[in-house]
Amino acid sequence: MQALFIFGKPSLLVSVFPASAVRRCRWPRLAVILAPSPGIMESGNRMQQATVTYQGRKTARQSSEQRRLAILHAALRVLVRDGVRGVRHRAVAKEAQVPLSATTYYFKDIHDLLADAFTLFANETVQTFIDPFWSRANEWIHSYPANTRKHPELMAEVIEHMSVMGAHHILMRVSEHREHLVVEHALWYAALVDERMRDLALQHGSRLLTNFTQIMEYVGAEEVDLGAKSLLATVRRLEYEGMLGSPEFTHEKVRDTLRHQIRAVLSA
């Protein structure tokens, strides 16, 4: 186990796929997906060094940048605990253990604070969860011939594998990193009530959609864009049901739902 910094505070990240599970995997090609990836076990420092485009005041010194990042991570923790409306300069300063003047120095208003916190969150989430998962998924899918849809003898296997790996990933996100999903849904809500947040939300959504699009293109889906959007919408709905504690949120139900949707998309 290694420490992962969740919103600036250390948290143990345990792989949902132990080595023993990988050894027992029924499908050798799928083992590359189930194997723990070093990319997921990144340290907080590496995550915080990601390039982020800020709206608030720029910093020139490393110490100033560290304080700025501490404020942004504190804003995310307040958001998870109290919701978007709870993110105020005073509450964030208290959470970050910095003077109130520090938050107003770096961020002239709550919009800049929220926008920069969401931007940092989006980059950390993509680097820590999304990119490592899709990197392994692409490595796996490329073990099959391109335009797999034209190979009926392989298509059933591909659909089953995609369903299994998708279900594992969704359950891991909900059970181990629910706070990230809370922030993501808060971003959509913020975009609904503040038009200045809409571009950020749309950019994040487009970034997530790209991965589904690439998979659909490789397997030879007839309607690549529609298929990718349909699968992303299904994943979001399943994650939301998991966050709500729906009795339908089990590994079997999630896998079966994904299988049904993937089959429908690829048979269109």
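In this report, buried means under 20% relative accessible area, exposed means over 50%, and partly exposed is in between, with a 1.4 Å probe and protein chains only. By that scale asparagine 147 is partly exposed, with a relative accessible area of 34%. The structure is a predicted model, in which local features need pLDDT of at least 70, side-chain atom pairs count only at pLDDT 80 or more, and totals for chains, interfaces and linings use all residues. Residues are numbered from 1 along each chain as its sequence is written, and side-chain values use heavy atoms, leaving out hydrogens and water.

**The chain as a whole**

Let's start with the overall layout. The protein chain has 12 helices and 2 strands, where helices (H or I, at least four residues) and strands (E, at least two) are DSSP runs numbered from the N terminus. Read from the N terminus, the order of elements is β-β-α-α-α-α-α-α-α-α-α-α-α-α. Of its 268 residues, 52% count as buried. Among contacts (heavy atoms within 4.5 Å) with a separation of 6 or more, 68% join residues 24 or more positions apart.

An unreviewed UniProt entry lists residues 88–107 as "DNA-binding region"; UniProt positions follow the numbering used here, feature names are shortened, and annotations may be inferred rather than shown by experiment. Over residues 88–107 the chain is 75% helix and 0% strand, with the end C-alpha atoms 11 Å apart. Glutamine 97 is found in the loop between α5 (89–96) and α6 (100–106), and counts as exposed at 73% relative accessibility. Most residues other than glycine have a negative phi. Glutamine 97, though not a glycine, has a positive phi of about 60 degrees. Asparagine 147, in the loop between α7 and α8 (152–176), has a positive phi of about 55 degrees and is not a glycine either.

**Aromatic pairs**

The structure holds 5 aromatic pairs. Rings of Phe, Tyr and Trp (its six-membered ring) pair if their centres lie within 6.5 Å; planes under 30 degrees apart count as stacked, over 60 as edge-to-face and the rest as tilted. Two of the pairs are set out here:

| Pair | Centre to centre | Angle between planes | Class |
|---|---|---|---|
| Tryptophan 134 and phenylalanine 212 | 4.9 Å | 65 degrees | edge-to-face |
| Tryptophan 140 and tyrosine 144 | 5.6 Å | 75 degrees | edge-to-face |

Tryptophan 134 lies in helix α7 (residues 110–141) and phenylalanine 212 in helix α10 (residues 198–219), so this pair ties together parts that are 78 residues apart in sequence. Tryptophan 134 is buried at 11% relative accessible area, and phenylalanine 212 is buried at 12%. Tryptophan 140 and tyrosine 144 are both buried too. Elsewhere, ring pairs link Tyr105, Tyr106 and Phe107 into a cluster.

Where does phenylalanine 249 sit? Its place is in the loop between α11 (224–244) and α12 (251–267). Phenylalanine 249 is buried, with a relative accessible area of 17%. Leaving aside residues up to four places away in sequence, phenylalanine 249 touches several residues, including Ile170, Leu171, Val174 and Leu238.

Among the buried residues of α9 are Leu181, Val182, Leu187 and Ala190.
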